[in-house]
Amino acid sequence: MAKKILTVDDDPDIIAFVKTVLEENGYLPLVARNGEAGLAMVREEKPALVILDVLMPKQSGIRMYREMKFDEDLKDIPVVVLSGIAKRTFLRSQEALTEFGDDPVPEPEAYIEKPVEPEELAEVIKKLVS
Amino acid sequence: MGRDGKMKKMLFVTQFDELWFDALQSLMDLRKAGFNHVVFLHVIERDKVAMRRGKGYLKDEEVRLREMANVRFIDWAEELFEQGMEVGAYIIVGDILAKIISTAEEEDVDLIVTGRHRRPKLEELYAGSETLELLRRTSTPVLVHKYMLPSGKINEKPFERPLLALDWSAASDNAVEYLLTFSDVISKVVVIHVASEKTFKSDSAMEIQAIRKENKQKLEKVCDAFRAVGIEADSHLYIGNTCEQIEKAAQEREATMIVGGTTGSKPLKEIFLGSVAKKLAERSAFPTLLIPANREVVDS
């Protein structure tokens, strides 16, 4: 059975691109358009991997990532951040939130700054899912 | 977080003409009042990408405008994320007013920040003012932000010293209640009432003094409410044209912002109050915070 991979992104072009890459590599793509919907879908579907954007409506990828990592049931699901936001910013924001009193969270399994080539994305997914 | 523990959201509407990142930075003091979530909104006006004879829908132009806005928002968002803030963004094609209202509802924001969006004169004659229309259709407070002061300096902390103009309506009461939730941001509030010259038509000095005393007492009662939450407050009574006097008071009291209530549904009153709100929002040199009467008080 094909492994489920969830893409959380509000950009329809990126969703279409990632969906194609996933289907061509034998995965079952799932889609959510913001962090809030993404988190609900992770809880429901327990995908093998999450491909996560950062700047989105309702809830950002930064907050969704934190919530996943604080959830015993979800914290081990690998996350690939795919975003126009720099990795340094993602890590600094997590540090800033930790300073406000939260526990620290680990770095995501992979971080790719947009744009990405299909081969590069497929390679990263393959490495993490297998 | 706010005093109620809830993270408050601000919708920052920019067409990249009047409001840039420094305008947003001037509002960062609001974090003390719980505003830790900023949602950017840029609306690509439909006529910029609409069908053209022989060309069809300008998809390439839409992509170009969308990506330009996206690059700017990513840059701004990075700065806010690094401070531990939450950020979201919308880049939408459509009518600006409709998109402000739908996004504010979708995100359930606590404050809408916008620049002065004026329709061309002829269009305004038929369709009315965009600012007034926005106030009519939303129950969320609207800050029409102007971050350059008349002195030419940047208004770094617009909420530091607001001038609150009261007309003793229910909308005014709402404005007081709303402003009380900013006690961690406001250092002093100047509370004024502008009485029209007609109010003083009596030729009896006693009667005129009685009117003055009654208004002063009401103003002082409001000041006491602010003092009770640790905000310094003083009151002043002005006489004359409402808009002119509010603007004058803001200048002479060195206010950083003008605040007032606006009525929502009472048609007759709306003609008057709506026009004051519209004039202040569109013509005043100061940022203008307008609080609709039918809003739900967030922190009460």
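How many of the 300 residues of chain B count as buried, as a percentage? The share is 55%. Buried means under 20% relative accessible area, exposed over 50%, and partly exposed in between, with a 1.4 Å probe and protein chains only.

This is a predicted model, in which local features need pLDDT of at least 70, side-chain atom pairs count only at pLDDT 80 or more, and totals for chains, interfaces and linings use all residues. Residues are numbered from 1 along each chain as its sequence is written, chains are lettered from A and ligands numbered from 1 in the order in which they are written, and side-chain values use heavy atoms, with hydrogens and water left out.

## The two chains

Chain A has five helices and five strands. Helices (H or I, at least four residues) and strands (E, at least two) are DSSP runs, numbered from the N terminus. The order in chain A from the N terminus is β-α-β-α-β-α-β-α-β-α. Its radius of gyration is 14 Å, close to the 14 Å that the globule rule gives for 130 residues, so chain A is as compact as a globular protein of that length. That radius is taken over C-alpha atoms, and the globule rule is 2.2 Å times the number of residues to the power 0.38. Along the principal axes, the C-alpha atoms of chain A fill a box of roughly 45 × 30 × 25 Å.

Chain B contains 10 helices and 10 strands. The table sets out like values for both chains. Accessible areas come from the Shrake-Rupley method with a 1.4 Å probe; for residues, only the protein chains shown count as cover.

| Chain | Residues counted as buried | Accessible surface | Share from carbon and sulfur atoms |
|---|---|---|---|
| Chain A | 52% of 130 residues | about 6300 Å² | 47% |
| Chain B | 55% of 300 residues | about 14000 Å² | 51% |

Contact means heavy atoms within 4.5 Å. Among contacts in chain A between residues at least 6 apart in sequence, 75% join residues at least 24 apart. In chain B, residues 24 or more positions apart account for 79% of the contacts with a separation of 6 or more.

Chain A carries 17 positive and 26 negative side chains. The centres of the two sets lie 2 Å apart. Lys and Arg count as positive and Asp and Glu as negative, while His and the chain ends are not counted. The place of a charge is NZ of Lys, CZ of Arg, CG of Asp or CD of Glu.

## Sites in chain A

K46(A) sits in the loop between helix 2 (35-45) and strand 3 (49-52). K46(A) is partly exposed, at 44% relative accessibility. It is not a glycine, yet its phi is positive, at about 45°. Beyond neighbours within four places in sequence, K46(A) is in contact with M41(A), D73(A), L74(A) and I77(A). L6(A) is 40 residues away along the chain, with 9.0 Å between the C-alpha atoms of L6(A) and K46(A).

The side chain of K46(A) reaches the backbone oxygen of R43(A) at 3.4 Å. The side chain of R43(A) also makes a polar contact with the side chain of D71(A), at 3.4 Å. A polar contact is a pair of N or O atoms within 3.5 Å; within protein, one must be able to donate a hydrogen and the other to accept it, and residues adjacent in sequence count only if both atoms are side-chain atoms. D71(A) belongs to the loop between helix 3 (61-70) and strand 4 (79-83). D71(A) is buried, with a relative accessible area of 17%.

K58(A) is another non-glycine residue with a positive phi, near 65°. Its place is the loop between strand 3 and helix 3. At 23% relative accessibility, K58(A) counts as partly exposed.

The peptide bond from K114(A) to P115(A) is cis, with omega near 0°. P115(A) lies in the loop between strand 5 (110-113) and helix 5 (118-129).

## Sites in chain B

R161(B) lies in the loop between strand 5 (142-144) and strand 6 (162-166). R161(B) is partly exposed, at 24% relative accessibility. Not counting residues up to four places away in sequence, R161(B) touches K188(B), R253(B), E254(B), A255(B), T256(B) and M257(B). Its side chain reaches the backbone oxygen of E254(B) at 3.1 Å.

G261(B) is part of strand 9 (residues 257-262). G261(B) is buried, with a relative accessible area of 18%. Leaving aside neighbours within four places in sequence, G261(B) is in contact with A171(B), A175(B) and I291(B). The C-alpha atoms of G261(B) and L164(B) are 9.1 Å apart, across 97 residues of chain.
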